There are 2 protein chains.
Amino acid sequence: VRINSVAIIGGTHGNEYTGVYLLKRMKINKIHEKWEKLNIELILGNPKAYEKCVRFIDYDLNRSFLIKDLNNFDLSGYEADRAKVINHKLGPKEASETDFIIDIHSTTANMGVSIILHGDNQYNFKVASYIKEHLKNVFIYYVPEDSNADYPFLNSISPYGLTLEVGPIANGIVRHDILEKAEIALYKTIEFMYLMESKQMLELPRQLEVFEHVKTVDFPRNSQGEISAIIHKNLQDCDYPPLEKGMPIFYTLEGNTINFDENETMYPIFINEAAYYDKNIAFSLTKKVLRNIY
Amino acid sequence: VRINSVAIIGGTHGNEYTGVYLLKRMKINKIHEKWEKLNIELILGNPKAYEKCVRFIDYDLNRSFLIKDLNNFDLSGYEADRAKVINHKLGPKEASETDFIIDIHSTTANMGVSIILHGDNQYNFKVASYIKEHLKNVFIYYVPEDSNADYPFLNSISPYGLTLEVGPIANGIVRHDILEKAEIALYKTIEFMYLMESKQMLELPRQLEVFEHVKTVDFPRNSQGEISAIIHKNLQDCDYPPLEKGMPIFYTLEGNTINFDENETMYPIFINEAAYYDKNIAFSLTKKVLRNIY
């Protein structure tokens, strides 16, 4: 693996300000120039959505990078064009000029610093391991993908990359404490690549703890499809700790508690993420596994 | 003071779900019927903004109730009409059929349960005092107003009323823990009126601690008007504790700290509220005073 070109994206979702402010800080302080040979590009993902402080204008930009959509000129929305422009600038996908893309997101869930990895990619696992070695409360969320499958995510343009997800934070604000943590994770990501390109020996543990995606869980809903039970207060903010059978997960509008009813221990994440109410996701379930990274 | 008619409004801002879910719970459980003689009306303030999960469609509904605007049929936005419809249903303002309006809001700031009172109104102060006696972490935010002045807020329709403001919570989600606190505050508000109408003696302290509005403070901005310093991490979530000269308030994008520079002790509130970035408010400053409520 050689990394000669890196892109950092903030504001792929326009109301997630942490990434946007990280870019502002890097530009003002010219921090990326100290890693000159990585040729770091800084990109505001969805400027129009940022201006309006919304996740997206017409369609989720971070679901707009399937090859079939990038090649479809009949799509009419703002993000459909924005995806093509970004793909032209950084990619093109499958023959990308950018080797590694870091896409910065935030969540209303208590996810700390989460590194999201799609598909089985040893280099990405090593980057994640390096971040985890240098910062507390880092969690690796791994989504296995069919190796032939295409993904719709922005960082699927480049052969390597990750999504940096920080929380809990409301949309439309920037928090100094969360900005600091995200910044360290971001700089450690770049530092890893820089040191690797400088042929420095990096000692990493042979195994990495990852939370592997199992499935999503929707809110209970009434016959009109409206949410009829909210996240139980005992589950709220408990992203990553184990969830066992019998533990409360939902609280109905009538005032009853619904308990977790699966026999296997799971690790819930993205609990009560605002953008997922409409996507029928109250939280996602993962299992904890150890990956060999060498 | 006689209270024969009460309205409870949730979702005046469409992305503040706490009030909307309190209404859902009341409707399902028919809780308001136990206070039948208060003739409680439950109203979803801004249904279209709730559907789209935005604060408002065209204009802030909670700034749309000036008499001159209610009488102006040239205003074109959705909220301009919605305000007229609500005023017709509950008011009309200055000759209102509704005696008391409780308007439920939420904030990304760490405001606990805040009771917001506009103008000098002894009955409202007594209600607030009763809530404070029955629930922890209740704060009274008092905004003095010229007694001849008109206010643009929804609850200015009725002669008595308050705004219930709970936080910290992201927009577009409901949290069980915050819902519970808001619900207690709401029911204590109604209970006070119910007991008063039942001629029961209520013992309240003679004095009430209130945080009286002094002024708002904007973010530092660059020559293009863009935010150039964010809320400092030491100030974040410190709504209501005293702010003294020399304490950090902002952190610039370059990485410098800006300290509070006023000689008088102030009590900051609405620190880092998402909806106020565009209103040029980083936080508001109040002074702590004792009010006689008899």
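1. A crossover counts as right-handed if, with the strands pointing away from the viewer, the path from the first strand over the helix to the second runs clockwise. Keep that in mind for chain B of this predicted model: strand β1 (residues 6-10), helix α1 (residues 17-29) and strand β2 (residues 40-44) of chain B form a right-handed β-α-β unit.

2. Now for the neighbours of β1(B). On the β2(B) side, the two strands run parallel and are joined by five bridges. If you want a spot to look at, G10(B) sits opposite L44(B) of β2(B).

3. Strand β3 (residues 100-106) of chain B pairs with β1(B) too, again in the parallel sense, over four bridges. Here V6(B) has F100(B) of β3(B) as its bridge partner.

4. Is β1(B) buried or exposed? Five of its five residues are buried, so the strand is largely enclosed by the rest of the structure. The cut-off behind "buried" is under 20% relative accessible area.

5. Which residues cover which side? In a regular strand, side chains alternate between the two faces of the sheet. For β1(B), one side has V6(B), I8(B) and G10(B), the other has A7(B) and I9(B), and all of them are buried, so to speak on both covered faces.

Key:
Residues are numbered from 1 along each chain as its sequence is written. Chains are lettered from A and ligands numbered from 1 in the order in which they are written. This is a predicted model: local features need pLDDT of at least 70, side-chain atom pairs count only at pLDDT 80 or more; totals for chains, interfaces and linings use all residues. Side-chain values use heavy atoms; hydrogens and water are left out. Buried means under 20% relative accessible area, exposed over 50%, partly exposed in between (1.4 Å probe, protein chains only). Two strands pair if DSSP finds at least two bridges between them.
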